[in-house]
2 protein chains.
Amino acid sequence: MPTRYKGSAREVRALDTFVKLTRATETLGTQLQRHLASLEITPPQLAVLEALLHVGPMSQSELGRKLLRSNPNMTALLDNLERNKWIQRERSPEDRRVVVVSLTPEGRRVIERVFPAHAAHVTALLGGLSAEEQETLGTLCKKLGLSLSEG
Amino acid sequence: MPTRYKGSAREVRALDTFVKLTRATETLGTQLQRHLASLEITPPQLAVLEALLHVGPMSQSELGRKLLRSNPNMTALLDNLERNKWIQRERSPEDRRVVVVSLTPEGRRVIERVFPAHAAHVTALLGGLSAEEQETLGTLCKKLGLSLSEG
DNA sequence: TATTGTTATACTCTATAACTATA
DNA sequence: TATAGTTATAGAGTATAACAATA
């Protein structure tokens, strides 16, 4: 705990909030990751499949921007997903530099099968908070997230 | 966003909260990690140094339990920290299987120097939320964290 | 036998720099 | 020249299995 840190009240408050936020999210993430590992899927891979499912096909650099990943990183991630035959790459006919990434039928099946199990697990893990508390938490996180991407 | 997911109201709410929580924390983490990288320290390394600073010397398996890391992982992490001369290992005289890990004077200097910069950065990034909002967020995350470690 | 930690091994993720192909 | 993506290279983190030393 950062209680020994001799900063201003603003700093102490921000650090305290930060520590609680990251510890809760990490604990949540660790428990979910164990579950995902049993399904042979990593969190970055889940993020890619989710984005493709919810947003639709998009170029590799669009994906990278959305998921905050570098281009070489996206190449490596997509190589692994392509090896599993969960995504496919196609050159755009309009601009042949662009690679359009989309789910394969099998990838769609995987994400559509994994997602409900993931959802049930998330619901169970968040069960320690009431509906109102979850909504307040979500609202504050959204506000924080927006302020971070603007800033 | 998981809005296309046809689950119960509880599931939709939990997923929505989860997505907002993890996106905000990830964005925060990514921005902080860039800063830490410029200080040549990784987030798991920071976590180890922080634990040793705030809790004091402890055995390798205690550290692993606190930080949710496996034993071989702790060995590798501590190898890297020891190479930087930031931590030291000593066999416990009482139980010679046990390795007690502590900060070196240099390690203490590093974490005590890094922490204020880290604190300032965190304070700036959380500036999008008011004091009251930060406190509410912290309270909810603490409650969530506690329910996760009990469960 | 059980516990603490290390070694061996392998894989994913990540980053930077240099490169190719296309615009 | 600028952009999209790949390749080369390297390093950090993580996990499982097999092992040594100690209790």
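**View 1. Domain 1 and domain 2 of chain A, with C-alpha centres 29 Å apart.** The model is predicted, so local features need pLDDT of at least 70 and side-chain atom pairs pLDDT 80 or more, while totals for chains, interfaces and linings use all residues. Residues are numbered from 1 along each chain as its sequence is written, and side-chain values use heavy atoms, without hydrogens and water. The domain assignment of chain A gives domain 1 (1-38) and domain 2 (41-121).

**View 2. The interface between the two domains of chain A.** Six residues of domain 1 are in contact with seven of domain 2 (contact means heavy atoms within 4.5 Å). About 590 Å² is buried between them, 73% of it from carbon and sulfur atoms (buried area is the accessible area, 1.4 Å probe, that two parts lose on being put together, summed over both). Leu32(A), His35(A) and Leu36(A) supply 82% of the area that domain 1 buries against domain 2.

**View 3. The surroundings of DNA strand D.** Sugar and phosphate make up 71% of the atoms of DNA strand D that come within 4 Å of the protein.

View 4. For Val99(A), a backbone N or O atom lies 2.6 Å from a phosphate oxygen. In Asn73(B), a polar side-chain atom lies 2.9 Å from one.

Note on methods: Chains lettered and ligands numbered in written order. Near = heavy atom within 4 Å. Polar contact = N/O pair within 3.5 Å; in protein donor to acceptor, adjacent residues only side chain to side chain. Domains from an automatic or database assignment.
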